[in-house]
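Let's take a walk through this structure together. Keep the sequence and the model side by side as you read.

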Amino acid sequence: MVESFKVGDRVGWNSEAGHVDGTINRVHIQDFDYKGHTHRASADCPQYEIRSSRTDHIAAHKGSALTKLSD
């Protein structure tokens, strides 16, 4: 089972630039458009908007790509 996260959680993920961390600022439980792409989300498989702590860039990821970090 994939861990679920909530707004304010600090998480990490791998990107082309290496390991990135940030804070979840929104949880999507319905499909949504982001940066020209439709992201699929549901209550059973939410997607998370995360603000990078290094660049302030916003990314959208499924929970399976994220790891919760300690505060």
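## Starting from the inside

Leaving aside its neighbours within four places in sequence, Ala59 is in contact with Trp13, Tyr34, Tyr48, Glu49 and Ile50; contact here means heavy atoms within 4.5 Å. Before going on, a word about what you're looking at: this is a predicted model, in which local features need pLDDT of at least 70 and side-chain atom pairs count only at pLDDT 80 or more, while totals for chains, interfaces and linings use all residues. Residues are numbered from 1 along each chain as its sequence is written, and side-chain values use heavy atoms, with hydrogens and water left out.

Ala59 belongs to the largest nonpolar core, whose nine residues are Phe5, Val11, Trp13, Val20, Ile24, Tyr48, Ile50, Ala59 and Leu66. Strand S1 (10–15), S2 and S5 each supply at least two residues of this core. Apart from it lies another core, of five residues, among them Phe32, Tyr34, Ala41 and Ala60. A nonpolar core is a set of buried Ala, Val, Leu, Ile, Met, Phe, Trp, Tyr and Cys residues joined through side-chain atoms within 4.5 Å. As for the cover, buried means under 20% relative accessible area, exposed over 50%, and partly exposed in between (1.4 Å probe, protein chains only). In soluble globular proteins, nonpolar side chains tend to be buried together.

Now for the strands. They are DSSP runs (E, at least two residues), numbered from the N terminus, and two of them pair if DSSP finds at least two bridges between them. What is the order of the five strands in the open sheet? It reads S6-S5-S2-S1-S7, with antiparallel pairing. At the edges are strand S6 (58–62) and strand S7 (67–68), each of which pairs on one side only. Strands of a sheet pair through backbone hydrogen bonds, either parallel or antiparallel.

Follow the sheet from S2 towards S6. Strand S2 (residues 18–28) pairs with strand S5 (residues 47–52) in the antiparallel sense over six bridges, and here Ile24 stands opposite Ile50 in S5. Next, five bridges join S5 to S6, which run antiparallel, with Arg51 opposite Ile58 in S6. S6 is mostly covered, as four of its five residues are buried. S5 and S6 form a hairpin with five residues between them.

Two loops are worth a stop for their backbone angles. Most residues other than glycine have a negative phi, and most peptide bonds are trans. Asp56, in the loop between S5 and S6, has a phi near 65°, a positive value in a residue other than glycine. Lys35 also isn't a glycine, and its phi is positive at about 55°. You'll find Lys35 in the loop between strand S3 (32–34) and strand S4 (37–39), and at 53% relative accessibility it counts as exposed.

Is Gly12 buried or exposed? Gly12, which lies in strand S1, is buried, with a relative accessible area of 1%. Leaving aside its neighbours within four places in sequence, Gly12 is in contact with His19, Val20, Asp21, Ala65, Leu66, Thr67 and Leu69. Gly12 and Gly63 are 51 residues apart in sequence and 11 Å apart in space, C-alpha to C-alpha.

On to the charges. Side chains of opposite charge can pair when their charged atoms come close. How many salt bridges does the structure hold? There are four, each being a side-chain nitrogen of Lys or Arg within 4 Å of a carboxyl oxygen of Asp or Glu. In one of them, Asp9 meets Lys68, the closest N and O atoms being 3.8 Å apart. Asp9 lies in the segment before S1 and Lys68 in strand S7, so the pair ties together parts that are 59 residues apart in sequence. Asp9 is buried, with a relative accessible area of 7%, whereas Lys68 is partly exposed at 41%.

Another salt bridge joins Asp21 and Arg10 (3.9 Å, N to O). This pair links distant parts of the chain, with Asp21 in strand S2 and Arg10 in strand S1, 11 residues apart. Arg40 and Asp31 also meet in a salt bridge (2.7 Å, N to O); Arg40 counts as exposed at 55% relative accessibility, and Asp31 is partly exposed. Salt bridges that share partners join Lys6, Asp9 and Lys68 into one network.
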